[in-house]
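Please read this report with the sequence and the model side by side.

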Amino acid sequence: MIQTIWINLKKALFILLAILLVNVFVGNISITNILSEDAYAQDTNPNIDPQAAEILQNMSYFLGSKDQYTFKAEIMFDQLVNSNRKIQYSAEEKVYIKKNGNFTIEYISDLGGYKLWFEAGKTTILELPTKLFSTATLPATIDQALKKLKEEYNFTPALSDLLFINTFRALTANVQSGSYFGSSKVFGVRCDHLAFVQQNIDWQIWVESGKRPIPRKLVITYKDLPGAPQFIAILRDWVIDRPITNFAFKADIPKLSQKAEMAEILNKPTINLGSVGSSGTNF
């Protein structure tokens, strides 16, 4: 009798232990994969062609599932002179991101630029070539930090749409319609060509075909402005999941730099370009 009770107790303890382990395991998964779950969240827009939506969603899944990546961009953009005359300039951009809360953007153009470092809730921006810099405390997550920059300073860094966990959601938040325009090559890389319409802008994106659906080209047309100026970015040198040294996210402020208010730097006309989510008024 006693032996039977002991065996039953052992079975009960074993079952309880198994349940506890399962709960802990599932709990850990839900915590560690909270970013991935948001990356894979289903978003729909009935005005987007299903094929275009699927391609853009696959790109979003791919980028959202990566812990870290870097890329470079060769950029051309129009600037309005004398109200309606378009002059084209060039820029280069480097982006480094770790999804756990770090990113760095280096944007250097013919008309100036900036370096922006974000690490664990603190952001530092250095304007070039003036060497004015400013710091601010933002939410610790990248998505919330980017939203705060837009809401508080009306600033969306160039190509920052590609830093959100769910890039599909970020890119299509204001889309009125979207279509698929076939297959084409961007510097020899086969891509799917998508085009979207918003109230103030039209934009196009070329997504690499195959197992690595990364964006290869982005064109934004500010159709409500005189001459419909454009921002064109060719995205290259993608490095996925290779460890990025933490040094890349450390602010590097040159000597003799002067501190300024964040709004003073971010309100410059040449800074707020190159995002689908930007207002497009800073030309």
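## Model and confidence

This is a predicted model, in which local features need pLDDT of at least 70, side-chain atom pairs count only at pLDDT 80 or more, and totals for chains, interfaces and linings use all residues. Residues are numbered from 1 along each chain as its sequence is written, and side-chain values use heavy atoms, with hydrogens and water left out.

The pLDDT is the predictor's confidence in each residue, from 0 to 100. Its mean for the protein is 84, and 82% of the residues reach 70 or more. A contact means heavy atoms within 4.5 Å. Residues 12-34 are also below 50, with 1 such contact. Where pLDDT is low, predicted coordinates should not be read in detail.

## Overall build

The protein has 6 helices and 12 strands. Both are DSSP runs, numbered from the N terminus: helices are H or I with at least four residues, strands are E with at least two. Of the 283 residues, 47% are buried. Buried means under 20% relative accessible area, exposed means over 50%, and partly exposed lies in between (1.4 Å probe, protein chains only).

Residues 24 or more positions apart account for 54% of them.

## The nonpolar cores

A nonpolar core is a set of buried Ala, Val, Leu, Ile, Met, Phe, Trp, Tyr and Cys residues joined through side-chain atoms within 4.5 Å. The largest one has 61 residues; among those touching the most other members are Leu 56, Phe 103, Tyr 114 and Phe 155. Helix α3 (residues 50-64) gives the most to this core, with 7 residues. A second, separate core has 6 residues, including Cys 191 and Trp 206.

Beyond four places in sequence, Phe 155 touches residues including Tyr 114, Leu 149 and Ile 271.

Ile 55 lies in helix α3. Its relative accessible area is 13%, so Ile 55 is buried. Leaving out residues up to four places away, Ile 55 touches Tyr 180, Asp 192, Leu 194 and Val 207. Ile 55 and Phe 168 are 113 residues apart in sequence, yet 9.8 Å apart in space, C-alpha to C-alpha.

Trp 117 lies in strand β4 (residues 112-119). Trp 117 is buried because its relative accessible area is 5%.

Where is Pro 129 placed? Pro 129 is in the loop between β5 (122-128) and β6 (132-137). A cis peptide bond joins Leu 128 to Pro 129, with omega about 5°. Lys 131 is in the loop between β5 and β6 too. Lys 131 is not a glycine, but has a positive phi of about 65°.

Phe 187 is in the loop between β7 (177-186) and β8 (189-197). Its phi is positive, near 50°. Is Phe 187 buried or exposed? Phe 187 has 74% relative accessibility, so Phe 187 counts as exposed.

## The largest pocket

A pocket is an open set of points on a 1 Å grid over the protein atoms alone, where a 1.4 Å probe fits, with protein on both sides within 12 Å along at least five of seven lines; lining residues have an atom within 4 Å of a point. The largest pocket holds about 370 Å³ of space, a volume filled by probe spheres set on points joined across faces, edges and corners. Its lining has 20 residues, and Lys 147 and Phe 164 are among the closest to the centre. Helix α4 gives the most to the lining, with 5 residues.
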